[in-house]
Amino acid sequence: MSEIIALLDGREVGRVRQQRGRLQFRYAESWRLADGAYPLSVLLPLIQPEHGHAPIDTFLWGLLPDNEPVLQR
């Protein structure tokens with residue numbers, strides 16, 4: 001299993017895990033319950049602590065450039 005820790009201003013927001021080719025995102029409870037907390041995306045609402053493959057995959061692809069040569073590198 002691979003894991004990436006998502007940080008905003010040095011605070012852990014959550015973790016992206018990949019297991020058997022499937023992604024999962026789980027918000028850190030400390031982030032979800034903090035005053036002023038906000039979701040990473042409308043696809044990943046705070047009300048739901050854990051999100052499956054489709055919304056996190058879509059979110060992550062949205063962070064990448066729309067440039068095929070760059071994506072290939």
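**Entry 1. Terms and model**

I took a salt bridge to be a side-chain nitrogen of Lys or Arg within 4 Å of a carboxyl oxygen of Asp or Glu. By this criterion I found five salt bridges in the structure. I note at the outset that the model is predicted.

**Entry 2. Overall layout**

I first looked up the secondary structure and recorded three helices and four strands. Following the sequence, I read their order as β-β-β-α-β-α-α. I then took the extent along the principal axes, where the C-alpha atoms fill a box of roughly 40 × 25 × 20 Å.

For burial, I noted that the protein has 73 residues, of which 23% are buried.

**Entry 3. Charges**

I counted 8 positive and 9 negative charges, and their mean positions lie 6 Å apart. As background to the pairs below, I kept in mind that side chains of opposite charge can pair when their charged atoms come close.

**Entry 4. Arg 17 and Glu 3**

I looked up the accessibility of both partners. Arg 17 is partly exposed, at a relative accessible area of 25%, and Glu 3 also counts as partly exposed, at 38%.

**Entry 5. Glu 50 and Arg 26**

I next recorded a salt bridge between the side chains of Glu 50 and Arg 26, at 2.7 Å from N to O. Because Glu 50 lies in strand 4 (residues 50-51) and Arg 26 in strand 3 (residues 22-27), this pair ties together parts that are 24 residues apart in sequence. Glu 50 has a relative accessible area of 33% and is partly exposed. For Arg 26 I noted 36% relative accessibility, which also counts as partly exposed.

**Entry 6. Arg 32 and Glu 29**

Arg 32 forms a salt bridge with Glu 29, and their closest N and O atoms are 2.7 Å apart. I located both residues in helix 1 (residues 29-32), three residues apart, or about one turn of the helix. Glu 29 is partly exposed, at 38% relative accessibility.

I also checked for shared partners. Salt bridges of this kind join Glu 3, Glu 12, Arg 15 and Arg 17 into one network.

**Entry 7. His 53**

Is His 53 buried or exposed? I placed His 53 in helix 2, which covers residues 53-63. The relative accessibility of His 53 is 19%, and because buried means under 20%, His 53 counts as buried.

What does His 53 touch, leaving aside residues up to four places away in sequence? I listed Gly 21, Arg 22 and Leu 23. For Leu 23 I looked up the polar atoms as well: the backbone nitrogen of Leu 23 lies 2.9 Å from a polar atom of the His 53 side chain.

Conventions. Residues numbered from 1 in each chain as written. Predicted model: local features only at pLDDT ≥ 70, side-chain atom pairs only at ≥ 80, totals over all residues. Heavy atoms only, no water. Helix = DSSP H or I, 4+ residues; strand = E, 2+ residues; numbered from the N terminus. Buried < 20%, exposed > 50% of the residue type's maximum accessible area, 1.4 Å probe, protein only. Lys, Arg positive; Asp, Glu negative; His and termini not counted. Charge placed at Lys NZ, Arg CZ, Asp CG, Glu CD. Polar contact = N/O pair within 3.5 Å; in protein donor to acceptor, adjacent residues only side chain to side chain. Contact = heavy atoms within 4.5 Å.
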